[in-house]
Amino acid sequence: RRDVATPRRPGAMTSERAPTTATLEALRHLVRAAKEDSAILDAPSLEFFRRWLEEDLRATIPAPRTTTTTTTTGTDAIEIEDDEAMAAESDDLSAIAMGAETAPETLGEAEEAKASEAKRLASEAFAREAWEEAIERYTEALMIAPSALTYAKRAECFIKLRKPLSAIRDGTAALKLNPDSAKALKVRGAAHRYLGHWNEANADLSAGLSQDFDETYGEMHKKVLSVVHELHVREGKARAAKEAKEREELEKRRAAAEVARKEAAAKDAGGPGFGQPGAGFPGGAGDLPPGVSPEMAQKLMSDPDLVAAMQNPKVMQALQTMMKNPMAAMQYMSDPEVGPVLQKLMASMGGAMPGGAPGGFPGGFPGAGAAPGGA
């Protein structure tokens, strides 16, 4: 009797040809990554897959996204072209289970065995690049016995799934348990690097590699260092340009102030009268006070300190009083606001005060020296 083979349904797949769970997980990861950025299909190792999509399936591959990272330095934002940049995930980080903040001092045999089995399964899934399964197993272990290494390994899985914020969170949790964890420093540094946090990446990678160097993170650190250097150069140039602009504006303001001062001095010296309102010294007369020549008036009003002092109502009131009664100057010499102005006026006028009798005050004012002709 001849055996008759059971006819196979078209399109059916035999158990020998069915893909394994690991293969399906890897395929799902590849499809997810390609959806996020088609640049992954440009890898030489995936050339066969791209050709199958384009030639056999007639698929249209979208253009790779343009990737840049923006780094803020001071008040300026600098864009850096980065073909490995990752976008921050929109996942709810609070949904990720975290272990206790401190590891238990002791574990029962059953708990220890359960944690060890979870880490073993996680390692197997990690080797198969079944990242989501590995995360699930690492989480089981963390809920029983949190450790820096387990957090760091889970953070690596998050990076593989392009979830840098989750990786940073796990790296930080690992370093709380063990501040010297080189693995956690390197993984967190990598996550910062993919987000364009160049200075943070440099700090973490430098600390981690100084404890435990490896080629993969070493090459990443070279890229980080080159970008940090470029950022410092750009920041220096921007700062220098800003300071130069500020100096230029300051010089313009100074020049404008000098022009205004000279115009005011010329107006006061040759205008309607030294004692007129706004002309400098009070008094109200159209002529200069006795003993003050036009040249001396111009000299006095070219002194910015004296010009500023004339804006003080207290000083103006004192000068008005002395114009009427020169001896009243004695009471103002000890005044902290008026006294220094009087001293400067007397020094400029040879010891005399405008409005005084010819020859100035007998003996001059205290601290100003004798007036011309004094005893």
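1. Helices (H or I, at least four residues) and strands (E, at least two) are DSSP runs, numbered from the N terminus.

2. A word on the source of all this. The model is predicted, so please keep in mind that local features need pLDDT of at least 70 and side-chain atom pairs count only at pLDDT 80 or more, while totals for chains, interfaces and linings use all residues. Residues are numbered from 1 along each chain as its sequence is written, and side-chain values use heavy atoms, with hydrogens and water left out.

3. What caps the N-terminal end of α12? Asn312 does, with a side-chain oxygen 2.9 Å from the backbone nitrogen of Lys314. As for length, α12 (residues 313–324) has 12 residues and reaches 17 Å from its first C-alpha to its last, close to the 16 Å expected at 1.5 Å a residue. The expected span is 1.5 Å times one less than the number of residues.

4. The 14 residues of α4 (residues 131–144) should span 20 Å at 1.5 Å a residue, and the end C-alpha atoms are 20 Å apart, which agrees. Its buried residues include Trp131, Ala134, Ile135 and Tyr138. Thr139, Ala141, Leu142 and Ile144 of α4 are buried too.

5. Arg58 has a positive phi of about 55° although it is not a glycine, and its place is in the loop between α2 (47–56) and β1 (68–73). With 64% relative accessibility, Arg58 counts as exposed. Arg162 is another residue other than glycine with a positive phi, near 60°, and you will find Arg162 in the loop between α5 (148–160) and α6 (164–177). Arg162 counts as partly exposed, at 23% relative accessibility.

6. Is Asp170 buried or exposed? Asp170 is buried, with a relative accessible area of 1%, and its place is in helix α6. Its side chain makes a polar contact with the side chain of Arg154 (2.6 Å). A polar contact is a pair of N or O atoms within 3.5 Å; within protein, one must be able to donate a hydrogen and the other to accept it, and residues adjacent in sequence count only if both atoms are side-chain atoms. Leaving aside neighbours within four places in sequence, Asp170 is in contact (heavy atoms within 4.5 Å) with Met98, Tyr151, Arg154, Ala155 and Phe158.

7. Next come the salt bridges. A salt bridge is a side-chain nitrogen of Lys or Arg within 4 Å of a carboxyl oxygen of Asp or Glu, and by this rule the count comes to 24. One of them joins the side chains of Glu124 and Arg120 (2.5 Å, N to O). Both residues lie in helix α3 (residues 109–127), 4 residues apart, about one turn of the helix. Glu124 is partly exposed at 38% relative accessibility, and Arg120 is partly exposed at 38%.

8. Finally, follow Glu156, which has two partners to look for. Lys153 is partly exposed, with a relative accessible area of 21%, whereas Glu156 is buried, at 13%. Glu156 also forms a salt bridge with Lys183, the closest N and O atoms being 3.0 Å apart. Glu156 lies in helix α5 and Lys183 in helix α7 (residues 182–195), so this pair ties together parts that are 27 residues apart in sequence. Lys183 is partly exposed, with a relative accessible area of 25%.

Key
Buried means under 20% relative accessible area, exposed over 50%, partly exposed in between (1.4 Å probe, protein chains only).
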